[in-house]
Amino acid sequence: MSESMVTRFAPSPTGYLHIGGARTALFNWLLARQNGGRMLLRIEDTDRERSTDAAIDAIIDGMKWLGLEWDGDTIYQFARAPRHREVAEELLARGAAYKCYATPAELEEMRELARKEGRPPRYDGRWRDLGGAEAETSAIAEGRKPVVRLKAPREGETVIQDKVQGTVTFPNKDLDDLILLRSDGTPTYMLAVVVDDHDMGVTQIIRGDDHLTNAARQTHIYQAMGWDIPAFAHIPLIHGPDGAKMSKRHGALGVDAYRAMGYLPAALRNYLARLGWSQGDREFFSTEELIEAFSLAQVHRSPARFDYVKLENMNGHYMRAMDDSALLEQFIASLPFLPNGAEILEKLDEMKKSQLAKAMAGLKERAKTLIELADGALFLFAQRPLNYDEKARDLLNETGRAHLAALAPKLSALAEWSAAAAEAAVRAYVAESGAKLGQVAQPLRAALTGRATSPGIFDVLETLGREESLGRIIDAAGASIV
C-alpha cells in the first residue's frame with residue numbers, strides 16, 4: 001500500500017444511506033486513512049427519475065454523523081455525462097464499440113429464444129459485425145435509433161483477483177456486449193462508473209459482492225481504453241439474524257434511523273466494522289485502533305448477520321466508557337432526533353443542563369441507548385405534582401407515604417444537601433424506625449421520579465436539589481394515590 005491509494009464511496013441517491021452502504025463507506029474510509037490516501041465521494045445520480053435532493057442530503061448527513069469525512073469535493077455523476085459520451089465516441093473510433101440498431105421487439109425475440117433453448121437471455125451480437133454505411137442507412141431509414149455497445153472479447157476468460165473473494169474467473173462467452181450509450185444518447189451506469197473511477201484516480205474499489213459480475217464487464221472497458229484497472233474487493237452483503245437477505249423487517253433502515261434509535265456514531269462505526277471483519281475475538285476498537293487494524297484480508301467471504309442485541313450491548317459499553325461531559329454533549333446534540341427528546345429539549349435551560357451533568361454517571365449505567373438515557377432523565381424535567389406510573393403508585397401506599405412524611409423533616413434539617421448527607425439521614429431514619437432500607441428508599445424513589453427505577457436515589461436527591469426534592473416528597477406523602 002502507498003500514499004497514492006484512492007478509494008471511493010459511490011451511493012445512488014434513490015433512498016436513504018442504508019446500513020450496508022454505511023459499512024461499505026466505512027471500509028473504504030478505513031483503508032484510505034490507514035494508507036495515508038484519500039477517500040472520495042461520488043453521488044451516482046444518473047437515475048433522474050428516482051434520484052432526489054432529500055436522499056443526497058440524507059447520505060451526506062449520515063456520513064458526517066458517522067464521522068466518515070471524505071476528501072475533496074463531492075462528485076456528481078450526472079454532471080459528467082458529456083465526458084462519458086466522449087469516451088464512448090473514442091471507443092467507437094477505436095473499433096472497440098459499435099452501434100446496435102436492434103429493436104425492442106428483436107431483443108425480446110432473442111431473450112425468448114434463449115429461454116426456450118435453456119440459455120441465459122442476452123443480446124446475440126447481430127450488429128457486432130453487421131455495421132457499415134449501408135446497414136446503418138437502412139436502419140436509420142426505418143426509424144431505428146441505435147445504442148452503443150462494447151465489443152467485448154468472446155474467447156478466453158476474464159480473471160478478477162479480488163482481495164476478498166480471491167481469484168474469480170468468468171468465461172467471456174457468458175458476458176455479452178454491454179450497452180455504453182442508450183438510444184437517447186445517455187450513458188449507462190457501467191460506462192459512467194469506469195470513466196469516473198479512472199478520472200478520479202481510484203486505485204481500490206470496495207463494494208458489495210452483488211457487483212462482482214460487473215467487475216468483469218467493467219474490466220473489458222478498462223482494457224478497451226488501455227487504462228489501469230483498479231484493485232477490487234467485493235464484500236458480502238449483510239443478512240438478518242435469520243440468515244435471509246437484510247430487509248426492513250430485519251432493520252435495513254437508513255443511518256438516520258439508527259441515530260433516532262439512540263445509537264452513538266462511534267458505537268455504530270465499531271459495530272459495522274466488526275460486521276464481516278474480525279481480528280480474533282476482540283470486539284471493541286477506538287477509531288484509531290480500527291484504522292490501524294483493518295485489513296481486507298480479514299474480511300469474511302460469507303454474509304454477516306445483523307444483530308440488534310449485540311449493537312445495543314456495544315452501544316451501552318460506549319456510553320458507560322464515555323466521559324460524562326462528552327456524553328452529555330452527544331446526548332444534547334441527539335435530542336432533536338430522539339422520539340422522546342422534544343420534551344427534554346423544550347425545557348433544557350442552563351440549570352437543567354447542570355442537573356443532567358450531575359446525573360449523567362447514574363443515568364448511563366442503566367441505559368444502552370440515548371433513548372433509554374432520555375427516558376431515565378425525564379424525572380429531572382417533570383412538573384409537580386408528578387404523574388406516578390403503576391409501580392410507583394403501588395409503592396406509595398399508606399405505609400410508604402407514612403415513611404415519607406416522617407423522613408421529610410429529617411431531610412429538611414440537613415445543613416448540607418449532598419448525596420452523602422442524604423444517605424446518612426435516610427439510613428439513620430431506617431435504623432430508628434426499624435424498617436428495611438428498601439421499604440423507605442423505594443417509596444422515596446417513587447416520590448422523586450414517579451417511577452420504581454431510577455439512578456441511585458441519593459444521587460437523585462442531590463441532583464434535584466433541596467427545594468424540588470422536598471416538594472416532591474411532601475406532594476407524595478400527602479397525596480391520595482389511587
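Helix H17 bends by about 25 degrees at Ala406, with a proline, Pro409, following within four residues. The model is predicted. H17 covers residues 398–412, and its buried residues pack against helices H16, H18, H19 and H21. Two of these partners, H19 and H21, also pack against each other, at an angle of about 110 degrees.

**Helix H17**
- At 1.5 Å a residue, the 15 residues of H17 should span 21 Å, and the end C-alpha atoms are 22 Å apart, which agrees.
- Gly400, Arg401, His403, Leu404, Leu407, Ala408 and Leu411 are the buried residues of H17.
- These buried positions pack against H16 (390–395), H18 (419–433), H19 and H21.

**Helix H19**
- Buried residues in H19 are Val440, Ala441, Pro443, Leu444, Arg445, Ala446, Ala447, Leu448 and Thr449.
- The buried residues of H19 pack against H16, H17, H18, H20 (457–464) and H21.
- Gly450 follows H19 and has a positive phi, near 80 degrees.
- Most residues other than glycine have a negative phi.

**Packing of H19 with H21**
- H19 (residues 437–449) and H21 (residues 466–478) have their axes 8 Å apart and pack at an angle of about 110 degrees.
- H19 is therefore roughly perpendicular to H21, since angles of 65 to 115 degrees count as such.
- On the H19 side, the contact is made by Leu444, Ala447 and Leu448; on the H21 side, by Ser469, Arg472, Ile473 and Ala476.
- Five of the residues in this contact are nonpolar, one is polar and one is charged.
- Leu444, Ala447 and Leu448 are also among the buried residues of H19.

**Loop between H15 and H16**
- The peptide bond joining Arg384 and Pro385 is cis, with omega about -10 degrees.
- Most peptide bonds are trans.
- Pro385 lies in the loop between H15 (370–377) and H16.

**Ala361 in H14**
- Ala361 belongs to helix H14, which runs over residues 350–365.
- Ala361 has 35% relative accessibility and so counts as partly exposed, a class that lies between the limits of 20% and 50%.
- Ala361 and Asp324 are 37 residues apart in sequence, and their C-alpha atoms are 6.4 Å apart in space.

Definitions and conventions: Residues are numbered from 1 along each chain as its sequence is written. This is a predicted model: local features need pLDDT of at least 70, side-chain atom pairs count only at pLDDT 80 or more; totals for chains, interfaces and linings use all residues. Side-chain values use heavy atoms; hydrogens and water are left out. Axes are lines fitted to C-alpha atoms, for helices over the stretch in contact, and angles run from 0 to 180 degrees between N-to-C directions. Helices (H or I, at least four residues) and strands (E, at least two) are DSSP runs, numbered from the N terminus. Angles under 35 degrees count as roughly parallel, over 145 as roughly antiparallel, 65 to 115 as roughly perpendicular and the rest as oblique. Contact means heavy atoms within 4.5 Å. Ala, Val, Leu, Ile, Met, Phe, Trp, Tyr, Cys and Pro count as nonpolar, Asp, Glu, Lys and Arg as charged, and the others, Gly among them, as polar. The expected span of a helix is 1.5 Å times one less than its number of residues. The bend at a residue is the angle between axes fitted to the seven residues ending there and the seven starting there. Buried means under 20% relative accessible area, exposed over 50%, partly exposed in between (1.4 Å probe, protein chains only).
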